[in-house]
Amino acid sequence: MTLLTIIYLLMSLESGMNPQAVGDGGRALGALQMHKIAVDEANRIGRFVGSPIRFTYEDRKDIKKCRQMSARILSFNIKRFRHRYGRKPSAREVMKAWRFTNIFKDPGPNYTRKIDRILGPEDTTPPSGEIRT
């Protein structure tokens, strides 16, 4: 499963692929229901890796930019995971990381059940291929 596929699955899980979705009392926007802190994290990672691309809070409602931000965040977390555990995380582990934009935090049972409904309870496939951010 590619990272791009994982991102589209997350968009389906979070908003039903609706780029205009609003949740958490107006704090989460777009197809990935991103909070402002996720945009800040994408920009922080961008500075860290030397990317000139920066995102705005309004970019959360743009599917392409939303995809770019999430790819940047998830790719960075995949690298952190590989460094710590010496292996690629499974697609399930990557999807769980989206809840807090941190691959080492447990998203809790409710979010895990949502992922189980999409992947099934046994998927442990590592993501293949990385997409450029």
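Predicted model: local features only at pLDDT ≥ 70, side-chain atom pairs only at ≥ 80, totals over all residues.
By class, the residues that line the largest pocket are 8 nonpolar, 4 polar and 4 charged.

The space in the largest pocket comes to about 380 Å³, and its lining is made up of 16 residues, among which Glu14, Asp24, Gln33, His35 and Arg99 lie nearest the centre. Two elements give two or more residues to this lining, namely helix H2, residues 36-49, and helix H5, residues 109-119. Which of the elements gives the most to the lining? That is H5, with 3 residues.

Let me now move to how the helices pack. In general, a pair of packed helices is described by the angle between the two axes and by the distance that separates those axes.

I will begin with helix H1, residues 3-15, and helix H3, residues 63-85, which pack at an angle of about 120° with their axes 10 Å apart. An angle from 65 to 115 degrees would count as roughly perpendicular and one over 145 as roughly antiparallel, and H1 and H3 are therefore oblique to each other. The crossing of this pair, H1 and H3, is right-handed. On the H1 side the contact is made by Leu3, Leu4, Ile7, Tyr8, Leu10 and Met11, while on the H3 side it is made by Ile63, Arg67, Ser70, Ala71, Leu74, Ser75 and Ile78. Sorted by class, the contact of H1 with H3 has 10 nonpolar, 2 polar and 1 charged residues.

H1 also meets helix H4, residues 91-98, and here the axes come within 10 Å and cross at roughly 50°. H1 and H4 are therefore oblique to each other, and their crossing is right-handed. The residues that make this contact are Leu3, Ile6, Leu9, Leu10 and Glu14 from H1, together with Ala91, Val94, Met95 and Trp98 from H4. If we divide the residues of the contact of H1 with H4 by class, we find 8 nonpolar, no polar and 1 charged.

The last pair is H4 and H5, whose axes come within 10 Å and cross at roughly 140°. H4 and H5 are therefore oblique to each other, and the crossing of H4 and H5 is right-handed. Which residues of H4 and H5 meet? From H4 they are Ala91, Arg92, Met95, Lys96 and Trp98, and from H5 they are Tyr111, Thr112, Ile115, Asp116, Ile118 and Leu119. The classes in the contact of H4 with H5 are 7 nonpolar, 1 polar and 3 charged residues.

Key
Residues numbered from 1 in each chain as written. Heavy atoms only, no water. Axes fitted to C-alpha atoms, helices over the stretch in contact; angles between N-to-C directions. Helix = DSSP H or I, 4+ residues; strand = E, 2+ residues; numbered from the N terminus. Parallel < 35°, antiparallel > 145°, perpendicular 65-115°, else oblique. Left-handed = near helix turned anticlockwise from the far one by under 90°. Contact = heavy atoms within 4.5 Å. Nonpolar A, V, L, I, M, F, W, Y, C, P; charged D, E, K, R; others polar. 1 Å grid on protein atoms, 1.4 Å probe; cavity = no way out; pocket = protein on both sides within 12 Å on 5 of 7 lines; lining within 4 Å. Points joined across faces, edges and corners; volume = space filled by probe spheres on them.
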